[in-house]
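Hello,

Here is the structure we spoke about handing over. My notes on it follow below.

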Amino acid sequence: MRLNKFSKLLMWIILCVSVFPVLAQRREAGRPNVIVILTDDMGYGDVGAYGGRFVPTPNIDRLAARGLKLTQYYSGAPICSPSRASILTGMQPGKWNFTTFLDTQKHNKDAGQIDYLTPEAPSMARFFKSSGYATGHFGKWHMGGGRDVTNAPGFAQYGFDEHASTYESPEPDPAITATNWIWSDKDSIKRWDRTKYFVDKTLDFMKRHKGQPCFVNLWPDEVHTPWVPKPETENAGKSALKPQEEAAFKGVLKEYDVQIGRLLDGLKELGLAENTIIIFTSDNGALPTFGGARSGGLRGSKLSLYEGGIRMPFIISWPGHIQANKTDDRSELHATDLLPTLSKLAGVKIPATYHGDGIDRSGILLGKPSLRKKEMYWEYGRNDIAYNYPKGTDRSPRLAVRSGEWKLLMDADGSKVELYNIVKDSAETTNLQASEAKITKELSGKLTAWWKSLPRLNAN
């Protein structure tokens, strides 16, 4: 029997309604999930995969064994708020008036910075959401909110569908903020269970969105001080551990590794492990470093522009796409590169109006090492009012640039110039400023021009 035109039209409508959405859902489900694990204050030498010897870290090491480890990844700043802004925006944090950690309004004004990241800034989460991703932020934020900053924009304005965050955020989670402070014994989720809480939130979010690709910031506030390890039976009757001593750090690091293992196992149970890009890194260097041990032989610490403050562990895993158990000692990667790089890997379209400071480095993650053909810049410390600095030889000049094998540091007035061949001298022991006059002049000129291009807010 021949179908009339009406019958054919009806069948076409039924096909569109029933089949095409299924095909679209399958296509979306085939796009990779993305989880960015941003550890808080983890030093280059904290974990076994980078030579750490504090406690075994078998689960973080397992992640490294199934993916790629970079030895020249750099954070956007040696302290949390600007380093986090560099990841989210893919831009130098100074362009958004982030220079140090966010605190009270007075502190922020004294530092010459804003109280919160403007929602007009670009956001990696917003780009992923616009491309069909479900987006979640679980963990520390510290880009606005807390203390007397009560007008910070909510997570939705940055492109997040769901969130669970700490006191230093615009919408703190009641389970971990029973009081008006970063943590309390009154919190229903105890300090030592926070990472577990954020991992559970991540797995639950991804379980509920299995038919949709997910982008998740998993940003725990470990291993930042104070270290409050899980009470152990063997410690019964003994004096409590002090929250900044090495024994307490070891307990926290041990539990943190356990929770990374729970994340990996949970993704496998959900059937998502094979199609999930996982990045593991840190926002900035460690403090305290226990005589430099947490910096892994690098000079400096958190609050310093020497390598120990900005060179971070970086592991990425994506089974079937990124070769397992590989180390890249050649390629530099900067935090601002994550936005264009992850967007390329996930097929996320970046708006034509976006002009970031990062570059697409997906090639190096997919097995083609290369030098970064663009300078990397840093600043820390516009005055002595609202900035902390490490003491002694760990205190660096306030500006830095890396260009290829060279790294130059200096203060904004052109003084305290230091030049290192960072490939041959990663510990920054030999200042070549005097013997390499041409390179010193070239890089100091570029660094000065970059510094002058940044916006300024008036301090007190």
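**Sheet, helices and salt bridges**

Tryptophan 378 stands opposite alanine 400, which belongs to strand 11. Please keep in mind that this is a predicted model. The pairing around these residues is antiparallel: strand 10 and strand 11 (residues 399-403) are joined by 4 bridges. Both strands belong to an open sheet of 4 strands, ordered 10-11-12-13 and paired antiparallel. Strand 10 (376-379) and strand 13 (418-421) are at the edges with a single partner strand each, so one side of each has no neighbour in the sheet. On average, and ignoring direction, neighbouring strands here are turned by 15° against each other. Helix 12 (residues 437-453) packs on this sheet and touches strand 10, strand 11, strand 12 (406-410) and strand 13. The direction of helix 12 makes about 60° with that of strand 12.

Next, helix 10 (residues 338-346). Of its 9 residues, 8 are buried, so the helix is largely enclosed by the rest of the structure. The buried residues are Leu338, Leu339, Pro340, Thr341, Leu342, Ser343, Leu345 and Ala346.

Then the charged pairs. Across the whole structure, 32 salt bridges were found. One of them is between arginine 62 and aspartate 265, with the closest N and O atoms 3.1 Å apart. Arginine 62 is in helix 3 (residues 58-65) and aspartate 265 is in helix 8 (residues 246-269), so the pair ties together parts that lie 203 residues apart in sequence. Arginine 62 is partly exposed, at a relative accessible area of 32%, and aspartate 265 is also partly exposed, at 37%.

A salt bridge also forms between the side chains of arginine 191 and glutamate 222, at 3.9 Å from N to O. This pair links distant parts of the chain, 31 residues apart. Arginine 191 sits in the loop between strand 4 (162-165) and helix 7 (194-208), while glutamate 222 sits in the loop between strand 5 (214-219) and helix 8. Both arginine 191 and glutamate 222 are buried.

Glutamate 307 and arginine 311 make another salt bridge, their closest N and O atoms being 2.8 Å apart. Here too, glutamate 307 and arginine 311 are both buried.

Regards

Conventions:
Residues numbered from 1 in each chain as written. Predicted model: local features only at pLDDT ≥ 70, side-chain atom pairs only at ≥ 80, totals over all residues. Heavy atoms only, no water. Pairing = 2+ DSSP bridges. Helix = DSSP H or I, 4+ residues; strand = E, 2+ residues; numbered from the N terminus. Axes fitted to C-alpha atoms, helices over the stretch in contact; angles between N-to-C directions. Contact = heavy atoms within 4.5 Å. Buried < 20%, exposed > 50% of the residue type's maximum accessible area, 1.4 Å probe, protein only. Salt bridge = Lys/Arg side-chain N within 4 Å of Asp/Glu carboxyl O.
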